[in-house]
Amino acid sequence: ITPANVDRLKVAWTYRTGDLPTNGMPQMFEATPLQIGNSLYLCTGHNIVIALDADTGKERWRHDPKVEAKGVYTLACRGVAYHEATDPAIRECRSRILMGTVDGRMIALDAQTGRRCQDFGRNGEIPLHVGLGSVKPGVQFVTSPPTILGNVAVVGGFVLDNMGTGNPSGVVRAFDVTSGKQLWAWDAGRHDPNALLKPGETYVHGSPNAWSLFSADPKLGLVYIPTGN
């Protein structure tokens, strides 16, 4: 695309997700589509994951996790993540799509079929409110895609700012891409931000959150996290 030919661009195809606002709550399409091969992956405000043919826009599959959106002020999903297994022992879900949801889950789907990866947590999902204490609907959830670094998926979380004290922690956590097992946590509010939780403990309420997209450097093994709050 150049200044000399931009006037000749034409629409190749159009796709409508069919996901509309509900209960009068704001909803915006914020996803950056992810192209892997000739497939295009995206998510809607209600965390419906859709795979399209990148050339034609034809829908290949869609997965609706039936999120509980009660209390969520802004329904947003900024994108999904992709991981391809290198371990030959993994036979199912060798390529997978991962997404955080507005009701506190992370879901893994087979990139080819849209079916849930049964080796990931329970029925292809893990809960993300573990260790946060009591979480009111719409106060803490994930809007940005997990950041993949090797076999690790790193997620932060949106926390509803300036609406009260004692909000849930903005802890950043890393999970095994295949099993969903938590590998580590970084809670900026703790004296030791990487310390494991003891029985009955929760991550520090009101600590800085990390709702936006992260960057990662696979050569250095580092993830860069913007914080808010």
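Which residues make a nonpolar surface patch of about 340 Å²? In this predicted model, in which local features need pLDDT of at least 70, side-chain atom pairs count only at pLDDT 80 or more, and totals for chains, interfaces and linings use all residues, the patch is made by Ile 1, Val 6 and Leu 9. Residues are numbered from 1 along each chain as its sequence is written, and side-chain values use heavy atoms, with hydrogens and water left out. Patches are made of residues with over 30% relative accessible area and no salt bridge, where like charges are joined within 9 Å and nonpolar side chains (Val, Leu, Ile, Met, Phe, Trp, Tyr) within 5 Å; a salt bridge is a side-chain nitrogen of Lys or Arg within 4 Å of a carboxyl oxygen of Asp or Glu. Accessible areas come from the Shrake-Rupley method with a 1.4 Å probe, and for residues only the protein chains shown count as cover. Ile 1 lies in the segment before strand S1 (34-36) and is exposed, with a relative accessible area of 82% (exposed means over 50%, buried under 20%, and partly exposed in between).

The protein has zero helices and 16 strands, where helices (H or I, at least four residues) and strands (E, at least two) are DSSP runs numbered from the N terminus. Buried residues make up 45% of the 229 residues in the protein, and the accessible surface comes to about 12500 Å², of which 53% belongs to carbon and sulfur atoms. The C-alpha atoms fill a box of roughly 60 × 45 × 35 Å, taken along the principal axes.

A search of the whole structure finds two aromatic pairs, a term for rings of Phe, Tyr and Trp (its six-membered ring) with centres within 6.5 Å, whose planes count as stacked under 30 degrees apart, as edge-to-face over 60 and as tilted for the rest. The rings of Tyr 41 and Trp 61 have centres 6.1 Å apart and planes at 45°, so this pair is tilted. The pair links distant parts of the chain, with Tyr 41 in strand S2 (residues 39-43) and Trp 61 in strand S4 (residues 59-63), 20 residues apart, and both Tyr 41 and Trp 61 are buried. The rings of Phe 141 and Phe 158, with centres 4.7 Å apart and planes at 35°, also form a tilted pair. Distant parts of the chain are again linked, since Phe 141 belongs to strand S9 (residues 140-141) and Phe 158 to strand S12 (residues 158-159), 17 residues apart. Phe 141 is buried, with a relative accessible area of 2%, whereas Phe 158 is partly exposed, at 24%.

Terms used:
Buried < 20%, exposed > 50% of the residue type's maximum accessible area, 1.4 Å probe, protein only.
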